[in-house]
Amino acid sequence: MKKFFIRDGRLQTRAYIILILLPIVCTFLSICMGRIYISPKKIINLFIDLLNRNAYEEETFVLVMKIRLPGIITALLVGGGLSLSGLSFQAIFTNPLATPDILGVSSAASLGAIIGILLSKDLIAIQFLGLIFGFLAVIIAIKLAKIGGERSIIQLVLSGIIMSSLFNALGAILKYTADPYDKLPQITYWLMGSFARSSYKGILLALPFTLLGIIIIFALKWQLNILSLSDDEAKSMGINLNLMRFLFILASTMITASSIAICGQIGWMGLIIPHISRLLIGADNRHLAPFCLSIGSAVMVLIEAFSRTASVISLPISTMTAIIGAPIFLFAMKQNRGVS
């Protein structure tokens, strides 16, 4: 398959322009979509009126600014962040099947949210507990990997599996003891992932961690190519392996934990978007990072729009990403094998 990104300055510039415009165009389309269609002209007029502080149509304002926009902004953050985290983990663990929850972040953040729901906390408190437990899982996994000497990738992966199993088991126990008529439906709905409960307060809670994680990965993205090599080759190039891996794991954990905290479990994005990007431009992580961020944001925004358009109630995002992600991943597998 011919790569879209080649060593041509003009084409490279065009590619980056497309990357900038893609999430913007998808965001605009997403605002239009829904059970109640809003014409592009109405949306443009609304933003012009808001900028000029003129009188605006109240119904359109409520529908766009208070109902749809929080979910769209959350989808932009989550889609781009999880895709970038997936790329980072795949480079660190030199495994194309690595996902953002490989160290148990997803199961731990879910346990924190379950505890918050059982304690009848408000949405911000539930999100905060999810964030704290996500960080806790990774800290414990890193500590466990260091037991008995120098930490290795295999030990880190095994520690992540242990953390994931432990927190999943604890979550299952809490779900088993939850009130089946009140708390259990809330827990189940939250675990399936949704942007319907998105709010500006929730976005503000996740934004600092997500942005900081993205900045760290972008600032060091050239190091991902070195981390993809064997340990001996990477060390021969003068890189501090443990420090670099820690920084990327920290950045990816911040993104993943904050994403799960504000919208529940969402799978596949961190797996399929890096693969799609590699099919388009090759394996250079310096170029893959912006592609993953842009394509992930755009795809997630469109999935969010479809989930609230296809049904009266917003469909669970995790089911949507699985239905869309599975055939895309099969296609990527065929392309990588050279099957037409």
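**Chat: pockets, patch and salt bridges**

Me: Which elements of this protein have the lowest and highest mean pLDDT?
Reply: Helix 10 (residues 231-236) has the lowest at 76, and helix 3 (residues 58-92) the highest at 93. Here pLDDT is the predictor's confidence in each residue, from 0 to 100, and helices are DSSP runs of H or I with at least four residues, numbered from the N terminus. It's a predicted model, where local features need pLDDT of at least 70 and side-chain atom pairs count only at pLDDT 80 or more, while totals for chains, interfaces and linings use all residues. Residues are numbered from 1 along each chain as its sequence is written, and side-chain values use heavy atoms, leaving out hydrogens and water.

Me: And what's the mean pLDDT of the protein?
Reply: The mean is 86, with 94% of residues at 70 or more.

Me: What lines the largest pocket?
Reply: There are 18 lining residues, with Ile-67, Ala-196, Glu-304, Arg-308 and Ser-314 nearest the centre. Helix 3 and helix 13 (285-309) each give two or more, and helix 3 has the largest share with 4.

Me: What about the second largest pocket, how big is the volume?
Reply: About 210 Å³. Its lining has 13 residues, and Pro-100, Asp-101, Ile-266, Gly-267 and Trp-268 are the closest to its centre.

Me: Switching topic: which residues make the nonpolar surface patch?
Reply: Ile-17, Ile-20, Leu-21, Ile-24, Val-25, Leu-29 and Leu-302, about 630 Å². Patch residues have over 30% relative accessible area (Shrake-Rupley, 1.4 Å probe) and no salt bridge, with nonpolar side chains (Val, Leu, Ile, Met, Phe, Trp, Tyr) joined within 5 Å. Helix 1 (residues 9-32) gives the most, 6 residues, while Leu-302 sits in helix 13.

Me: How many salt bridges does the structure hold?
Reply: It holds 3, counting a side-chain nitrogen of Lys or Arg within 4 Å of a carboxyl oxygen of Asp or Glu. One of them joins Lys-42 and Glu-57 at 3.7 Å, N to O.

Me: Where are Lys-42 and Glu-57 in the chain?
Reply: Lys-42 is in helix 2 (residues 40-51) and Glu-57 in the loop between helix 2 and helix 3, 15 residues apart.

Key:
On a 1 Å grid over the protein atoms alone, a cavity is a set of points where a 1.4 Å probe fits but cannot get out, and a pocket is an open set with protein on both sides within 12 Å along at least five of seven lines; lining residues have an atom within 4 Å of a point. Grid points are joined across faces, edges and corners, and a volume is the space filled by probe spheres set on the points. Patches are made of residues with over 30% relative accessible area and no salt bridge: like charges are joined within 9 Å, nonpolar side chains (Val, Leu, Ile, Met, Phe, Trp, Tyr) within 5 Å.
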